[in-house]
Amino acid sequence: MELPLVTVIIPAFNAEDYLDETLSSIEAQTYPNIEIIVVDDGSTDSTPEIVNGHTSRVRYIRQDNSGSCSAPRNLGLRHAAGEFITFFDADDIMLPHKVEHQVEQFFSYPEAVFVTSNYRNFTENEKSADHFSSCPLIAEKCLEIGPGPFLLPSQSCRNILLEENFTIASSPLFRRSLVFNEGGFDESLRACEDFHLIYRIAMKGPVVVLPEVAFERRLHDLNMSGDPERMMSNFLLSRMDLIHQETEQIFRKKLKKLVRHMKRELQTQLIRKGKLKAAVSLYGQTFPPCSRKEIKHDVFQGTKIVLTALKFRDVEQPESVQN
């Protein structure tokens, strides 16, 4: 039997420091029928030369810089020939059996919409524990069912995702037709676009969870998660959009609760940066508070806004007097 083609799509922007190692890890997969598409998002370094140094299985596509991962991933999706696709970051390392073991699960569970794997973070100096061990709900489910992969119903998957994000862009293997019909990634999002897509696909059916560590996620200074304000803003945008797409009331309520919480978290971040007008505007979006915790937050942050504004006024006052 001929094995189905799997397409690995890699968005790359100035990825010369890590791309060679990433491509080598994918070329070393035990699954033989793989095509690799690198979408160069306007790099100015040696990214093209690195791609050209690899096997003919690696295709190179270039576009002008988009400023996000969504657009290059979607371009790769439009060029993908595989029955299955996985998106993989240009600085991550794919462990040898990832694709093989994920494809096997589609044969075992043909009703699954995607197969997602465990992973671990690493830096130049150390490796972390596996990610699932930091996610109590998915870890409990793994213990409850026992070792090995298992099928997670759509409702259970979404319920856990709204509590803990146990999967990221490089984790799932998708059915290409589902992702294509869903329109791929939302290009208006500058972060959290992977959660947004994963949640939308999870709405379509059950998901296979593979507890084994299948790849390693590299942490370094250029990771997008190092910009809290950007992450929080896009967290809000992604969840607010999902409120309108979600078909079940129980999950719409959970999403609305998450949005209220994150608006307050973003407000805290804006105050720290001195962006007081933007912070004040969030009060109108979360009023009235619905719990003692929210009341305490609003009073505390409101006081900080007033004190910060007075501080800035005192600093500026001498200049105005001199003029």
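Colleague: Hi! Which Phe residues do ring pairs link into a cluster?
Modeller: Phe-87, Phe-114, Phe-174 and Phe-185 are joined in that cluster. Rings of Phe, Tyr and Trp (its six-membered ring) pair if their centres lie within 6.5 Å; planes under 30 degrees apart are stacked, over 60 edge-to-face, the rest tilted. This is a predicted model: local features need pLDDT of at least 70, side-chain atom pairs count only at pLDDT 80 or more, and totals for chains, interfaces and linings use all residues. Residues are numbered from 1 along each chain as its sequence is written, and side-chain values use heavy atoms, without hydrogens and water.

Colleague: How many aromatic pairs does the count come to?
Modeller: Eight aromatic pairs. One of them is Phe-132 with Phe-166, an edge-to-face pair at 6.2 Å centre to centre and 75 degrees between the planes. This pair links distant parts of the chain, 34 residues apart. Phe-132 is in the loop between strand E7 (127-130) and helix H5 (136-145), while Phe-166 is in the loop between helix H6 (154-161) and strand E9 (173-175). Helices (H or I, at least four residues) and strands (E, at least two) are DSSP runs, numbered from the N terminus.

Colleague: Is Phe-166 buried or exposed?
Modeller: Phe-166 is buried, with 1% relative accessibility. Buried means under 20% relative accessible area, exposed over 50%, partly exposed in between (1.4 Å probe, protein chains only).

Colleague: Which way do the E4 side chains point?
Modeller: Phe-84 and Thr-86 point one way, Ile-85 and Phe-87 the other, and all of them are buried. In a regular strand the side chains alternate between the two faces of the sheet.

Colleague: What about helix H3: how many of its 10 residues are buried?
Modeller: Eight of them, so H3 (residues 70-79) is largely enclosed by the rest of the structure. The buried ones include Ser-70, Pro-72, Asn-74 and Leu-77. What they pack against includes strand E1 (6-12), strand E4 (84-87) and helix H8 (193-202).

Colleague: New topic: how many disulfides does the count come to?
Modeller: Zero, taking a disulfide as a pair of cysteine sulfur atoms within 2.5 Å. The sulfur of Cys-69 has its closest cysteine sulfur in Cys-192, 12 Å away and too far for a bond. Cys-135 is in no disulfide either, as the nearest cysteine sulfur, that of Cys-142, is 9.6 Å away.

Colleague: Is Cys-135 buried or exposed?
Modeller: Cys-135 is buried at 3% relative accessible area, whereas Cys-69 counts as partly exposed at 23%.

Colleague: Last one! Which strand does Asn-118 lie in?
Modeller: Asn-118 lies in strand E6 and is buried, at 1% relative accessible area. E6 (residues 114-122) runs antiparallel to E7, with two bridges joining them. They form a hairpin with four residues between them, and Arg-120 stands opposite Asp-130 in E7.

Colleague: And what is Asn-118 in contact with, neighbours within four places aside?
Modeller: Among them are Asp-130, His-131, Phe-132, Pro-211 and Phe-215, where contact means heavy atoms within 4.5 Å.

Methods:
Pairing = 2+ DSSP bridges.
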